[in-house]
Every structure is written in structure tokens, then in C-alpha cells.
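The stops below go from a pair of strands to the ligand.

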Amino acid sequence: MKGPLTRQEVAKHTSEEDIWVIVDHKVYDVSDFIDAHPGGEVVLRQVAGQDATEAFYNLHRHEVLQQYKSLLVGTLEGEKPEAIDPQPGDLSTVPYAEPLWLNKSFHSPYFNDSHRKLQRAVREFTEKHIIPEAMEKEKDGTYISQDLINKMAEVNLLACRLGPGKHLQGRKIFGGIVKGEEYDYFHDLVVTQEIVRANMRGFQDGNMAGMTISLTAVHAWCKDDALRERVSQEVLSGKKKICLAVTEAFAGSDVAGLRTTAELSDDGKHYIVNGTKKWITNGMWCDYFVTGCKTPKGFSVLLIERGEGVETKPVKTSYSAAAATTYIEFNNVKVPKENLLGPEDKGFVVIMSNFNHERFMMAAMVSRWSRTVFEECFKWSHQRRVFGKALIEQPVIRAKLAKIIQHVEANQAWVESITYQMTKMSYPEQSKQLSGPIALLKTFCTRSAHEIADEATNIFGGRGLTQTGMGRVVEMFNRTNKFDAILGGAEEVLADLGVRQAMRFMPAGAKL
Ligand code: HEM
């Protein structure tokens, strides 16, 4: 880096081999970069020796300057950069970019010091370790690295993602910031809403989403203590992987239509499993499959280990292959009888018992992601200039922003209120009282996402349709928000469930 430079000095660097430009009071030497510049060399020659700040922020995200800091030659004498340079762990100061409880000027009845410490630790971890990998994997469609899984296991982040419970006892989360015993559903909400800030929807599912919805069934329903402990230990230490295998090409939300069969062997020691599964998140690299099967008198759930007769192949979807969405074939697979989870023929309870937590996580994630989309739109509306003024000066843009804020804030308030109920209720009480409200909450959050994606894409224009650059977050949100609307129960099914649950509590004598 050179010492303080003057604008007169910068103005001299305009020849073919020597081009300097000013962006945000800093000077960049782009001479050796022009051939590699994705926007081409002409545009850089046109601004050689000049202040190109406005043009730069109209076309690039601030992160471009962080990626190319090697081009920086110095700052201008007596001038100070204005752009905020976010560091890992920082909170955003953009209005509505953080939930109110993280804004110093606001108050919350729910969050305490322990939640705040955990929030800071998970944000830093996400920014240092998850985001760089998420960006790479989302793009090239390869799977999560063992290194990242090990890092998450080391700080007990894998165990945290199952929600509060016995599996956290004795565990020190992030080296002791929170003890496993004190981890509650607000900690769970913090972890869920921080990790989603990677803003990479395919990788988000590729990052062990299968585990979060399947290991819980082993913990709650495996009757064989040794088997349960072994699988739990292997998975939470990151050595082995597990996923949930219920949906089929024949049946999705309609579990009664499943065709995978499990028949007891003649000696009664094994089940023999035959059938297929589709859209199984993480299936490509999993060692265990928590599998829904038809048994003679109903539906049962088996823990199937990868081995002879188990074949997996990728399913191409509209998000990244990093999610490892899988088609599975079980061909005469021999499964020990002790791998039955819960009672035979009553597997519906096993599957249902985890749905509340899965849907709660999905509502928390998609509402947090919607908030990030608002931040993107608000920043863009300020920095984008069209027809001689900033976008934010157009009333029609402000009306769209108002709508996004209303959805985001209403959903966060509802998520927090449900979270509070979860901290006060036992698991059976949650199943009875909250399955309806959580189903309605998830549906509402994904309907909001649909509306928000529509408004945000229009605000970003062509950039909202481009996978790289300024609109990349909005483009991904618009392309992939449907995953939340369908996975974990389709919107229509869940909305109906919400009303049917309410009907169960309707007093017979209630009259108008
Ligand atoms: C330090 C200086 C600069 C660096 C490191 C830089 C880097 C980049 C990068 C990485 C991209 C690709 C963005 C993406 O799609 O993700 C890009 C695109 C582009 N850049 Fe630059 N750039 C610089 C300065 C400028 C300036 C001063 C101008 C114009 C005055 C400019 C014009 C463009 C254009 C037109 C594009 C294509 C944008 C699009 O496809 O929407 N760049 N630049």
C-alpha cells in the first residue's frame, strides 16, 4: 500500500498499461486486472483516473471489493471511506435487517444473555465456515465437506440442530457458551435463523438437513439401547450420516399411499424391504435411512443401514445438487427386527412426532431468509439510480418495501410467540396444542415468501433473474422459495390441518 494519495495523482494513471480508479475514497490499480474483469476492459478504460464510485455500486456488490483487495493501492488524503465493511459476527445496522430483539433500541420479553452469546457465536461460525463453503458447493453442486461436518460436530452444532433434549446433556455448546442442559427453544430458534443466513437454498438442505428430521426418530423410538446410542454417537460426532426416507413417486403428503413394503422373514428375525423413495434430502451420502414402509396391518418405520440391495441416484431439482436430493431403491434389503422404530403398524405416530419441529424450523428459516431479502431490496433501492434519482425515491418502490416489512415482522412475531409456547409445553402437549398453529404458521411464512419474492424480483429487475452479482440473493429466493412451500407438508395440506385441528377444540355449544 502506498501512503495517502491525491486525486490529481490518480488522474495521471490513464494510459493503456497503467489504470487507476477511485471507489469509495480508495484507489485501485486495475492495470493487470482489466483482461480478467467480468464487465470487460472498455468500461474500466472509460473511468481511468476518475472517481467511479457511483458506477461501481450500481453494478457490483460491496463484497467484490473485499474479494479483490489485492488491487488496492491506497486511500485518498483527508478522505474517509463511507461504505460499511462488515466483519464476521457483525450485526447489520440497516433498519429491519435484524429481528427486533437484536436491535439495541428495542426490547424483547423472550431472549436473555445466553441467547445473545449463542447468536454471536453462531453468526461468526456461519460467516467464517459455512458461507464460503455454501457459495462454492451451491455453484458446483458437490456435497458438504467432511471438514465442515467435523467443525460443526466439534462445537456441538450438529446436536443443537435437533432442538432441546436429552441428546444435549453433558455437551458444551461452542466450548461452554451454553450448557446442553440450559439449551431451550429460543436457543434453537437462534441457531436455525443464523445458519440460514448463508442464503444458499440447495446447500442449506445439503448441510445435514436430513439428520435434523431423522435422528430425532431414532432418539425417541429406538427400543434397542445399544443401537440407539451407537447411531446417535456416530451421527452427532459427524462420522456417519442419516436421512429421512418417506416420500415416494407414488405418495408425498399422503403417507397412506406408500408402496415400499417390509415383510418379516420366515425366522422372524428380519424385515425384507422392497420399494423406492424419491426426493430424499441427503440420501446420496447417507449411511442410515429412517424409512417409512407398509407392513401387513399398517405403516411402520425402520432404520435401514446402507448395504446390499440399497441403491441411490441423484434427482435433479431446481435448486443445487449440493442438497443431494435422491432416488432410492430397496431391493430385498435385510433389516434386523430391532431396527423397527416405534410400534409395528403404528409408524404414523413416529413420523408425525417430528413434524412439528421440522415445520417450526422451516417457518423460522424462511422468515429469516425473507428478512435478508428485505435488506437486499432496501440497500439496492438506496444505491440504484434510475431516471436521475435513487429507486427509493419512487413511491411505488416504497409501497413494495412496506409490504415486505409487514410480512417479515408479522411472521417473526408469530414464530417467537410459538417458540415461547414450545418452551412451556411438554412434547406431547406441543403435539396436541401446537401442530395446528405450527402448520398454519409455516403455510403463512411460505405464502409471504411467495409475495416477497415477487416484489423483490420486480425491484431488482433483470438483476433479480441473474444468478451472480447484485441480485444473486433475490434470484435464488425467487427460484427456490417453493421448496419451503412443499417440503415438510404442502401449503394446502398444512392449512387444512390447521383448521381441522382447531375444529377438534371447537365447543359443541358455541353458537352465534
Ligand atoms: C476495483 C474495481 C473493480 C473490480 C474489482 C471489479 C470486479 C468486477 C466483478 C467481480 C464483476 C462480476 C460481478 C458479478 O457478476 O458477480 C464485475 C462486473 C462488471 N463490472 Fe466491474 N469491477 C471494478 C470496477 C468497475 C468499474 C469502475 C466499472 C464501470 C465503470 C465496472 C463495470 C462492470 C460491469 C459493467 C460489469 C458487468 C455487470 C453485470 O453483468 O451486471 N467495474 N466487475
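## Strands, then ligand

Select Val 21: its bridge partner is Tyr 28 in S3. The model is a predicted one, with pLDDT of at least 70 required for local features and 80 or more for side-chain atom pairs, while totals for chains, interfaces and linings use all residues. Numbering starts from 1 along each chain as its sequence is written, and side-chain values rest on heavy atoms, with hydrogens and water left out.

Strands here are DSSP runs of E with at least two residues, helices are runs of H or I with at least four, and both are numbered from the N terminus. Two strands pair if DSSP finds at least two bridges between them. Next, pick Asp 24 in the hairpin of S2 and S3, where 2 residues lie between the strands; Asp 24 has a positive phi near 50 degrees.

Return to Tyr 28, which also stands opposite Leu 72 in S4. Strand S4 (residues 72-75) pairs with S3 through 3 bridges, again in the antiparallel sense.

Now select the iron atom of the ligand. Which residues coordinate the iron atom? His 37 and His 60 do, each through NE2, at 2.0 Å. His 37 is in the loop between strand S3 (26-29) and helix H2 (42-46), and His 60 is in the loop between helix H3 (53-59) and helix H4 (63-67), so the two tie together parts 23 residues apart in sequence. Both histidines are buried (under 20% relative accessible area, 1.4 Å probe, protein chains only).

Donors are N, O and S atoms within 2.8 Å of the metal (3.2 Å for Na, K and Ca); water is not among the atoms, so sites may look incomplete. The arrangement is octahedral because the 6 donor atoms around the iron atom subtend angles of 85 to 177 degrees; for six donors, the term requires opposite donors over 155 degrees apart and all others between 65 and 115.

Check two polar contacts (N or O pairs within 3.5 Å). An oxygen atom of the ligand is 3.4 Å from a side-chain N or O atom of Thr 468, and an oxygen atom of the ligand is 3.2 Å from a polar backbone atom of Gly 469.

Notes: Four donors count as tetrahedral if all angles lie between 85 and 135 degrees; four count as square planar and six as octahedral if opposite donors are over 155 degrees apart and all others between 65 and 115; anything else is irregular. Buried means under 20% relative accessible area, exposed over 50%, partly exposed in between (1.4 Å probe, protein chains only). A polar contact is a pair of N or O atoms within 3.5 Å; within protein, one must be able to donate a hydrogen and the other to accept it, and residues adjacent in sequence count only if both atoms are side-chain atoms.
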